[in-house]
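Please look through the sequence and the model shown here before reading on.

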Amino acid sequence: MAIFKPKYITFDCYGTLTNFDMAGAARARYQDRVSAADMPGFIESFRGYRLDEVLGAWKPFREVICNAVERTCKRWAVAYDEADGLAIYNAVPSWGPHPDVPAGLSAVAKEFPLVIFSNAANAQIGHNVEKLGAPFHKVFTAEQAQFYKPRYGAFEYMLDALNCAPEDILHVSSSLRYDLMSAYDLGIKNKVWVNRGHEPANPFYEYTEIKNIGGLPAVVGL
């Protein structure tokens, strides 16, 4: 079988490339108010509310995070202060890549243009991308698109901006719910799931599984 050679390799950033430590930031902020027994549930609620917050009309990423923190606090009967949500939001630009990312990206960047679409704020994403250790052809954000993933409009914005069809790209993500399910629905045939343990596997969505970005060069025949 011939190895697919995409026009672009497109990536999710937060979680896939950047070590997106929302759980750690929330633990640090609430360790004095949430018991050790309740903390796993608190973190899981925060994860779920972040997803719910991006499913409607676009709003600033700061509001996504602060709203999700506030809703989590309400669920767990913890007092909410906007300073808590802002502290977690403001931590995002400081986060760097997973250890496997720079070498894996550099290997594929020699042969393919790399693109990011991130559920990010314009003011933050550059700080994360500059830590990834490889050049990117384009970096798109939900703020530019006015859609968050998993909304189809996010992917449609990226494809339109690249002037390419779904079959022209290889999309790489560690999240089925934010990326690969929508990519499947939109006809993006070539997909890679980076199994970082965020979500369970679901082979229905027809992806190639790798454990980290170090496995990506082999997917494209390098």
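Predicted model: local features only at pLDDT ≥ 70, side-chain atom pairs only at ≥ 80, totals over all residues.

Residues are numbered from 1 along each chain as its sequence is written, and side-chain values use heavy atoms, with hydrogens and water left out.

**Buried residues in helices**

Helices (H or I, at least four residues) and strands (E, at least two) are DSSP runs, numbered from the N terminus. Buried means under 20% relative accessible area, exposed over 50%, and partly exposed in between, with a 1.4 Å probe and protein chains only.

Contact here means heavy atoms within 4.5 Å. Leaving aside neighbours within four places in sequence, Ser45 is in contact with Thr72, Arg75 and Trp76, whereas Glu53 meets Lys59, Glu63, Val64, Asn67, Ala68 and Arg71. The side chains of Glu53 and Asn67 are also joined by a polar contact of 3.1 Å, that is, a pair of N or O atoms within 3.5 Å, where within protein one must be able to donate a hydrogen and the other to accept it, and residues adjacent in sequence count only if both atoms are side-chain atoms.

**Nonpolar cores**

A nonpolar core is a set of buried Ala, Val, Leu, Ile, Met, Phe, Trp, Tyr and Cys residues joined through side-chain atoms within 4.5 Å. The largest has 64 residues, and those with the most contacts inside it are Ile9, Phe11 and Leu105. Helix α3 (residues 61-75) gives the most to this core, with six residues. A second, separate core of five residues includes Leu176, Trp193, Tyr205 and Tyr207.

**Paired strands**

Strand β5 (residues 190-194) is largely enclosed by the rest of the structure, because four of its five residues are buried. Two strands pair if DSSP finds at least two bridges between them. Strand β4 (residues 169-173) pairs with β5 in the parallel sense over four bridges, and Ser173 stands opposite Trp193 in β5. Strand β6 (residues 208-210) and β5 likewise pair in the parallel sense, over three bridges, with Ile210 in β6 as the bridge partner of Val194.
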